[in-house]
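Me: I want to go through the labels on this model. Please back each one with its value and its cut-off.

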Amino acid sequence: MTAPLIVVGGVAGCGKTTLAAALAQALGLRFRDGDDLHPEANKAKMAAGEPLTDADRGPWLAACAAQLAAWGDAGGVISASALKRAYRDTLYAAHPAVRYVLIHITPELATARTQARAGHFWPASLTLSQFAILEEPAADEPAMRVDATWATDQQVAAVQGFLR
């Protein structure tokens with residue numbers, strides 16, 4: 001039996017890491033924070049207030065896809081923004097069990113949350129740039145949406161329902 005491979009995505013500050021870690025625990029799967037797979041050059045660029053280009057994201061997306069492929073049928077949960085369809089297509093291609101969960105959040109709440117974070121390379125000033133490139137999942141994608149204002153256990157329950 002194939003376990004789920006879940007990508008929890010959305011803009012900065014939406015709660016990707018929190019939901020992904022909670023899902024992994026609830027489902028008995030491994031967890032990986034996609035931020036850890038960014039090359040140092042990407043982290044430095046973002047920390048300097050520069051948004052990444054598609055070319056910058058290429059190696060990171062490849063690393064996220066490689067993680068999903070390595071987990072394979074054993075399943076796992078990774079947090080990775082994957083804001084554009086093309087990015088998600090790269091992740092979907094890693095394994096047929098890949099599913100995407102978009103955490104929906106308003107620009108105002110995302111900005112407030114990123115401003116309140118300490119010790120993260122992401123500056124709040126870049127948050128709105130992510131909304132500019134966000135492409136909602138299409139009907140033909142193996143994807144669902146949860147709300148950032150829901151409690152984590154409510155988000156987990158919604159994803160579990162989606163996976164059934």
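Me: Where does Ser 125 lie?

Reply: Ser 125 sits in the loop between α5 (107–116) and α6 (127–133). Helices here are DSSP runs (H or I, at least four residues), numbered from the N terminus. This is a predicted model: local features need pLDDT of at least 70, side-chain atom pairs count only at pLDDT 80 or more, and totals for chains, interfaces and linings use all residues. Residues are numbered from 1 along each chain as its sequence is written, and side-chain values use heavy atoms, with hydrogens and water left out.

Me: Why is Ser 125 called exposed?

Reply: Its relative accessible area is 62%. Exposed means over 50%, buried under 20%, and partly exposed in between (1.4 Å probe, protein chains only). Therefore Ser 125 counts as exposed.

Me: What is the C-alpha separation of Ser 125 and Pro 137?

Reply: It is 25 Å, and the two residues are twelve apart along the chain.

Me: What makes Cys 14 buried?

Reply: Its relative accessibility is 1%, so Cys 14 counts as buried. Cys 64 is also buried, at 1%.

Me: How do you know that α3 and α4 are roughly parallel?

Reply: The axes of α3 (residues 54–71) and α4 (residues 85–92) cross at roughly 30° and come within 8 Å. Axes are lines fitted to C-alpha atoms, for helices over the stretch in contact, and angles run from 0 to 180 degrees between N-to-C directions. Under 35 degrees is roughly parallel, over 145 roughly antiparallel, 65 to 115 roughly perpendicular, and the rest oblique. So α3 and α4 are roughly parallel.

Me: Which residues of α3 meet α4?

Reply: Asp 54, Arg 57, Leu 61, Cys 64, Ala 65 and Leu 68 do, against Tyr 87, Thr 90 and Leu 91 in α4 (contact means heavy atoms within 4.5 Å).

Me: Why is α1 called oblique to α7?

Reply: Helix α1 (residues 16–27) and helix α7 (residues 152–163) pack at about 60°, with axes 10 Å apart. That angle makes α1 oblique to α7.

How values were computed. Helices (H or I, at least four residues) and strands (E, at least two) are DSSP runs, numbered from the N terminus.
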